[in-house]
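I want to write down what I looked up, one entry at a time.

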Amino acid sequence: MGQVRQPRRVQAYDGELGAAVARAQEGDEAAFAVAYRFVQPGLLGYLHGIVGDDAEDVAADAWLEIARDLGRFKGDGAGFRGWTATIARHRALDHLRRQRVRPRAGGTEQDVLDLPGPHSTHEQALESMSTERALELVRGLPRDQAEAVLLRVVVGLDGPAAARVLGKRPGAVRTAAHRGLKRLARQLGIGGDAEMGVTDGASRTLGEST
């Protein structure tokens, strides 16, 4: 099977993000604002897929923790995105527990990453929707599939990073993302080969949420 490629947008900015984070750790507030602008759109899209309309409040809580613990972070731009996603996920799950709302149940939490194929009906499915509509449909997926799709397509994490956020095996995350994208395609009435996968086009559609 082929691998899901990271969005070109994310690949292009990771170097600059890493540099901004390093400066922010030295006390540069403007650099922290740069890092925030790089990370926040994908993080907010991910949280919308978990907690819906409360995403901005949860994101604010997450950023307070990110700012507080920034000195403890070690890694590059890609690592920072994974670290912030982990913090945001913990805050989202805390929020759901406080609201006495159980996260959407799915099948077993499974693999999400190495999806095959350079072109797919999954891409067509995502490109045919507005970002708001896409996130609405993603929220309707079983939780394991929704989180896998959101982390890979919206946040732009690679396979191992998404697996670390979820505490799962990369293979498990692969399957969940594949199933989720197939289900989205079916909901939109777009047929396709079960063995096709995520592409850069799909990443652009969801990954550029604002």
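**Ground rules.** I am working with a predicted model, in which local features need pLDDT of at least 70 and side-chain atom pairs count only at pLDDT 80 or more, while totals for chains, interfaces and linings use all residues. Residues are numbered from 1 along each chain as its sequence is written, and side-chain values use heavy atoms, with hydrogens and water left out.

**Entry on Q40.** I looked up Q40 and found it in helix α2, which covers residues 29-51; helices here are DSSP runs of H or I with at least four residues, numbered from the N terminus. Is Q40 buried or exposed? Q40 counts as buried because its relative accessible area is 12%, where buried means under 20%, exposed over 50% and partly exposed in between, with a 1.4 Å probe and protein chains only. Leaving aside residues up to four places away in sequence, I noted that Q40 touches A59 and W63, a contact being heavy atoms within 4.5 Å. The side chains of Q40 and W63 are also joined by a polar contact of 2.7 Å, meaning a pair of N or O atoms within 3.5 Å, of which, within protein, one must be able to donate a hydrogen and the other to accept it, and residues adjacent in sequence count only if both atoms are side-chain atoms. I also checked Q40 against V155, which is 115 residues away in sequence, and the C-alpha to C-alpha distance is 9.2 Å.

**Entry on salt bridges.** How many salt bridges does the structure hold? I count eight, each a side-chain nitrogen of Lys or Arg within 4 Å of a carboxyl oxygen of Asp or Glu.

One of them pairs D14 with R81, with 2.8 Å between the closest N and O atoms. This pair links distant parts of the chain, since D14 sits in helix α1 (residues 8-25) and R81 in helix α4 (residues 77-98), 67 residues apart. Both D14 and R81 are buried.

R89 and E147 also form a salt bridge, at 2.7 Å from N to O. This pair too links distant parts of the chain, with R89 in helix α4 and E147 in helix α7 (residues 143-155), 58 residues apart. R89 is buried at 9% relative accessible area, and E147 is buried at 4%.

For R72 and D69 I noted a salt bridge of 4.0 Å, N to O. Here R72 is exposed, because its relative accessibility is 66%, whereas D69 is buried at 8%.

Last, I noted that E65, R91, D94 and R97 are linked in a network of salt bridges.

Notes: Helix = DSSP H or I, 4+ residues; strand = E, 2+ residues; numbered from the N terminus.
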